[in-house]
Amino acid sequence: MLKPQGFGPSRRAAEPPSRRTIIALALLGIIACARMGPPAGGPEDKVAPLLVATVPESTGAYPEWDRDVEFRFDEVVSEGGSPNIGVGTGDLEKLILLSPSNAVPVVRWKRDRITVHPREGWKKDRVYRIELLPGITDLRRNKSDTATVLTLSTGGVAPTDTLSGLAIDWVAGRPARQALIELVLLPDSLVYRAVTDSGGRFSIGPLPAGQWLAYGAVDQNRNLRRDRRESFDSTQVPAGSRAVPPLWLIPRDTLGPRLTSVTQADSLSALLSFSQPLDPTQRFDSLEATLRRQADSSIVPFRSLLPKEVDDSLQKIARARADSMRTANDTTRRDSAAAKPPVKPEPQPAGRPDAGGAARDSLTERILASRPRLFDKLVLRVDSAWTPEARYLVEITGIRSAAGVAGDAKNVLAVPKPPPPPPAPKDSTATDSTPAKPAPAPKP
């Protein structure tokens, strides 16, 4: 009996595939696995990816939200070279700040979309802040330079507050660019994160109303987390205020400053370098400091112990006075100096870009001027010249770091052997003492 068509195995289906079919399938697999790149031809695209929508819309209340947040772009964006595996090292993970959460968020790439959700899941009655930092690139490596913030409420009171402030890299003496800011909501200890702009300023909101503790840190490794050895500062935000007091970021070592090296600066001074910035308000000339010759432990008197910038200024004044006295006794030099007045340095106006390229406003300048600059070097000056090839022990008791931690510091100055004098130049005019040979007599 004949079977109906389409039921049961046929003879053709039972046969193994031909060699040509196998080659065709392999080629299709290679093409499918090929790396995606920009299409060839046409005008070159120099426009960065444009964010066209977010899901959900920002500043909304979504009590039942349990999906991913999405950032949608007008073109396919790059996934980056480092995968996003949940440890914060992925290229896209470094561009997402999700608060409040202490874990690295789950970030996924979906061609023209980036999806995000907390690793621990969405919690009820919380205000979430998801910030997409600048740095999204397309397949032609065009990079965006704008940030986007999405605020999502899963219930509770609607957020209304915005906190703003300034972070200062006190060691460098300038606003802290791209510093990490953490606002801790008390008493729940919910942490909201952001980064400062090129002028060291930040503005975070909308946030739930409450009492806040603010932290700022120099994010050296760019992991969007405050690490132990990074310079930081903290401050309490006054109740009812939306202005965060300035954050002065410095190293917070629990030990006092160490004297890392003592080197000879000239015949009458030595440069002392410390492991961390020193407290600029302490009187260095009143510190208990001792200088001893190591060979016999004898005390060596010294003239001064001052910050390098102060010592340089005093030496400059002393040299200027000496030059002035010499000039007063030299009529020719005095007239020459009067004919060519010294050129005064051009003053630095407020608002001029600093080394980081950020323009400082007058308020930032006033805040920076409210505290002295930090330093980690002192100059020790003696009355008598250092003895060549001698060793001196420098000890300082009770010296404080900029963080206010006091300690004892000591190290050894090894005076090097003086270089040998240069060889005397040869006298090219000296005559040869060897008598010249007489010329041969002419032949007859």
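Residues are numbered from 1 along each chain as its sequence is written, and side-chain values use heavy atoms, with hydrogens and water left out. Because the model is predicted, local features need a pLDDT of at least 70 and side-chain atom pairs count only at pLDDT 80 or more, whereas totals for chains, interfaces and linings use all residues.

Four strands form an open sheet in the order β1-β3-β6-β5, and their pairing is antiparallel. Strands here are DSSP runs (E, at least two residues) numbered from the N terminus, and two of them are taken to pair if DSSP finds at least two bridges between them. Strands β1 (51-55) and β5 (106-110) stand at the edges, where each has a single partner strand, so one side of each is left without a neighbour in the sheet. From one strand to the next the twist averages 15°, an angle taken between lines fitted to C-alpha atoms, in N-to-C directions and on a scale from 0 to 180 degrees.

Trp212 belongs to strand β14 (residues 211-217). With a relative accessible area of 2%, Trp212 is buried, a class that covers values under 20%, while exposed means over 50% and partly exposed lies in between (1.4 Å probe, protein chains only). When neighbours within four places in sequence are left aside, Trp212 is in contact (heavy atoms within 4.5 Å) with Leu163, Leu183, Val184, Leu185, Tyr192, Leu207, Gln236 and Val237. A polar atom of the Trp212 side chain also lies 3.4 Å from the backbone oxygen of Gly210. Trp212 and Arg242, which are 30 residues apart in sequence, are 9.5 Å apart in space, C-alpha to C-alpha.

Several details concern the backbone. A cis peptide bond, with omega about -5°, joins Ser99 and Pro100, and Pro100 is found in the loop between β4 (96-99) and β5. Another cis peptide bond joins Gly205 and Pro206, with omega about -5°, but Pro206 is found within strand β13 (residues 201-207). Thr59, in the loop between β1 and β2 (60-61), has a positive phi near 60° although it is a residue other than glycine, and at 59% relative accessibility Thr59 counts as exposed. Glu389, a residue other than glycine, has a positive phi near 65°; it lies in the loop between β22 (377-382) and β23 (391-400), and its 56% relative accessibility makes Glu389 exposed.

A search of the whole structure finds one cavity of 30 Å³ or more. A cavity is a set of points, on a 1 Å grid over the protein atoms alone, where a 1.4 Å probe fits but cannot get out, and lining residues have an atom within 4 Å of a point. Grid points are joined across faces, edges and corners, and the volume is the space filled by probe spheres set on the points. The largest cavity holds about 40 Å³ of space and is lined by Leu272, Ala289, Thr290, Leu291, Phe302, Leu305, Leu380, Val394 and Ile396. The elements giving two or more residues to this lining are β19 (288-293), β21 (302-307) and β23, and the largest share, three residues, comes from β19.

Definitions and conventions:
Polar contact = N/O pair within 3.5 Å; in protein donor to acceptor, adjacent residues only side chain to side chain. 1 Å grid on protein atoms, 1.4 Å probe; cavity = no way out; pocket = protein on both sides within 12 Å on 5 of 7 lines; lining within 4 Å.
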